[in-house]
Amino acid sequence: MIIPVEMCSGLVKCRVVYDWEVREVSFQPYAMRQIKSLRLVDGDKVDYRYKSTDRSMFIRLMEQRGECNDVLIVRDGWVTDTSFTNVVFEDVVGGLYTPDTYLLEGTRRQSLLDAGKIQACPIRVEDIGHFQRVLLVNAMIGLEDEISVPVVNIMK
C-alpha cells in the first residue's frame, strides 16, 4: 500500500472497508466540522454496535435536525451519540462524563475512559441541563480539539 504523496501532510482520514478481507483503502483530507447546535432525536430503532458503510439510518435522523448542525440521538430517554461522534458532557467543575448508553463503542471514547480522563455514567435527556457543554469525540476529534456545543444549544 502506497500512501499518495498529497496525503502525507496535514490531517488525513484513512478509510478501510473490510469484511473477511480488506476491500478498499482510501485517503482524504479531514476538515473539522463546525457544530454549534444539536437537535435531540428519537433513535429507539438505531442499532450501530458495529461501524458500517451503511449510514442510511443517520441520514434519516439528520433529516429531523431542522436548523441545527447535527443530531443528538436518544434511545428510550437515554442519551447516546451524535451522527458521527461519541459525546462527553462537562459539568460546572470540569468533570467529564460520557453516556454508558453509546451507539458505537468508539476507540477515542474507550481510550479516554482507559486513561481516566472521562467517566461513563447513565445520562438521561433531563440530565442534560446539569452540564455546561457537550464535547464531540471520535477517532479524528479529541478533547483537545474543543469541538463542543453549549447545552443551551441542544434543542428538543
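Glu146 is partly exposed, with a relative accessible area of 47%. In this predicted model, Glu146 pairs with Arg133 in a salt bridge whose closest N and O atoms lie 2.8 Å apart. The two residues come from distant parts of the chain: Glu146 sits in the loop between β9 and β10 (148-150), Arg133 sits in strand β9, and 13 residues separate them. Arg133 is buried, because its relative accessible area of 19% falls under the 20% cut-off.

In total, the structure holds 6 salt bridges. Asp19, Glu21 and Arg23 are joined in a network of such contacts.

| Salt bridge | N to O distance |
|---|---|
| Asp19 and Arg23 | 3.0 Å |
| Glu21 and Arg23 | 3.5 Å |
| Glu146 and Arg133 | 2.8 Å |

Lys13, Arg15, Arg33, Lys51, Arg55 and Arg65 make up a positive patch. One of these residues, Arg65, is located in the loop between α1 (56-62) and β4 (70-75). Arg65 has a relative accessible area of 31% and is partly exposed.

Another loop residue is Gly129, placed between β8 (119-121) and β9 (133-137). Gly129 counts as exposed, since its relative accessible area is 66% and the cut-off for exposed is over 50%. The C-alpha atoms of Gly129 and Ile154 are 9.6 Å apart in space, while the residues are 25 positions apart in sequence.

Terms used:
Residues numbered from 1 in each chain as written. Predicted model: local features only at pLDDT ≥ 70, side-chain atom pairs only at ≥ 80, totals over all residues. Heavy atoms only, no water. Helix = DSSP H or I, 4+ residues; strand = E, 2+ residues; numbered from the N terminus. Buried < 20%, exposed > 50% of the residue type's maximum accessible area, 1.4 Å probe, protein only. Patch = residues over 30% accessible without salt bridge, like charges linked within 9 Å, V, L, I, M, F, W, Y side chains within 5 Å. Areas by Shrake-Rupley, 256 points an atom, 1.4 Å probe, with all protein chains shown as cover. Salt bridge = Lys/Arg side-chain N within 4 Å of Asp/Glu carboxyl O. Lys, Arg positive; Asp, Glu negative; His and termini not counted. Charge placed at Lys NZ, Arg CZ, Asp CG, Glu CD.
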